[in-house]
Amino acid sequence: MVSLFADWHTHTRFSHGKGSILDNVGMARKRGLSSIAITDHGPRNILVGSSEKKLLQLRELVDRYNELYDDIEILAGVEANVVDLDGNLDVSPYVLARLDIVLVGLHKWVMPGDLYTAIHFHLPNSLGIDYARLRRLNTEAITNAVKRYEVDIVTHPGLHINIDTRELARVCKERDTLLEINASHGYLTLEYIKIAREEGARFVINSDAHRPQDVGSLGAGIALASEAGLTVGEIANAKED
Ligand SMILES: [Zn+2]
Ligand SMILES: [Zn+2]
């Protein structure tokens, strides 16, 4: 049986989460975690994104809060967006370099980097239209981001936005990037976990909590992982019970 020591994908009021950093940290400690990441949405999530200025404030607060506790490590991070097919992110290298952990996810309703991308990538995804060429472009965008940046985790692969999981898994293995099993959204699905595993990719199980009470609530992810037969060594935030 697998147990987890970290939740590396949680949101606060820095984007559209409900709680503060300390609320999330408090719940993580209560659940016995020894590591938590605060990973609010990147600037280009329409209406909910966190500006770069706010991300730097988050960085400062996390530094201060790390002084308060010796039983938990708090990481300052972001869940960045892909703004074009070249895989550029909505967070500058300057800010990325100041964060401890970089998550990247494909989301609906992201401000596009250019008109071509708006028409061929962001708009059809936001409207939930799905066709073979779009799947190709989605895969290109996310794999290019993983190749271009030091990405720690790709969040909820396949959620709302269709991608070729096998190809993403190949690139993630090569780049040492983790694929997320998201306990809130059920992505990766069981089928996708099996495909990614065949490619030798590694995983992480996160809550994607948007409310403090959901931090460390990872049961659904653990269930998926054990159904897929994943071992402790394949899950970056797992330890032997
Ligand atoms: Zn997300
Ligand atoms: Zn998230």
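Student: How are H5 and H6 oriented relative to each other?

Tutor: Two packed helices are described by the angle between their axes and the distance between the axes. In this predicted model, helix H5 (residues 132-148) and helix H6 (residues 165-175) pack at about 5°, with axes 10 Å apart. H5 and H6 are therefore roughly parallel to each other; angles under 35 degrees count as roughly parallel, over 145 as roughly antiparallel, 65 to 115 as roughly perpendicular and the rest as oblique. Axes are lines fitted to C-alpha atoms, for helices over the stretch in contact, with angles running from 0 to 180 degrees between N-to-C directions. Helices (H or I, at least four residues) and strands (E, at least two) are DSSP runs, numbered from the N terminus.

Student: Which residues of H5 and H6 make the contact?

Tutor: Contact means heavy atoms within 4.5 Å. From H5 you get Arg 136, Thr 139, Ile 142, Thr 143, Val 146 and Lys 147, and from H6 Glu 167, Leu 168, Val 171, Cys 172 and Arg 175.

Student: And in what order do the strands of the sheet come?

Tutor: Strands of a sheet pair through backbone hydrogen bonds, either parallel or antiparallel. Here 7 strands make an open sheet, ordered S2-S3-S4-S5-S6-S7-S8, with parallel pairing; two strands pair if DSSP finds at least two bridges between them. Strand S2 (6-10) and strand S8 (203-206) are at the edges with a single partner strand each, so one side of each has no neighbour in the sheet. S8 is joined to strand S7 (residues 178-182) by 4 bridges, and Leu 179 stands opposite Phe 203 in S8.

Student: Which residues hold the zinc ion (ligand 1)?

Tutor: Donors are N, O and S atoms within 2.8 Å of the metal (3.2 Å for Na, K and Ca); water is not among the atoms, so sites may look incomplete. For this zinc ion, the protein donors are Glu 79 (OE), His 107 (NE2) and His 156 (NE2), 2.1 to 2.2 Å away. Glu 79 also coordinates the zinc ion (ligand 2), which sits 3.3 Å from ligand 1.

Student: Are Glu 79 and His 107 buried or exposed?

Tutor: Both are buried: under 20% relative accessible area, with exposed being over 50% and partly exposed in between (1.4 Å probe, protein chains only).

Student: How should I read the numbering and the cut-offs?

Tutor: Residues are numbered from 1 along each chain as its sequence is written, while chains are lettered from A and ligands numbered from 1 in the order in which they are written. Local features need pLDDT of at least 70, side-chain atom pairs count only at pLDDT 80 or more, and totals for chains, interfaces and linings use all residues, while side-chain values use heavy atoms, leaving out hydrogens and water.
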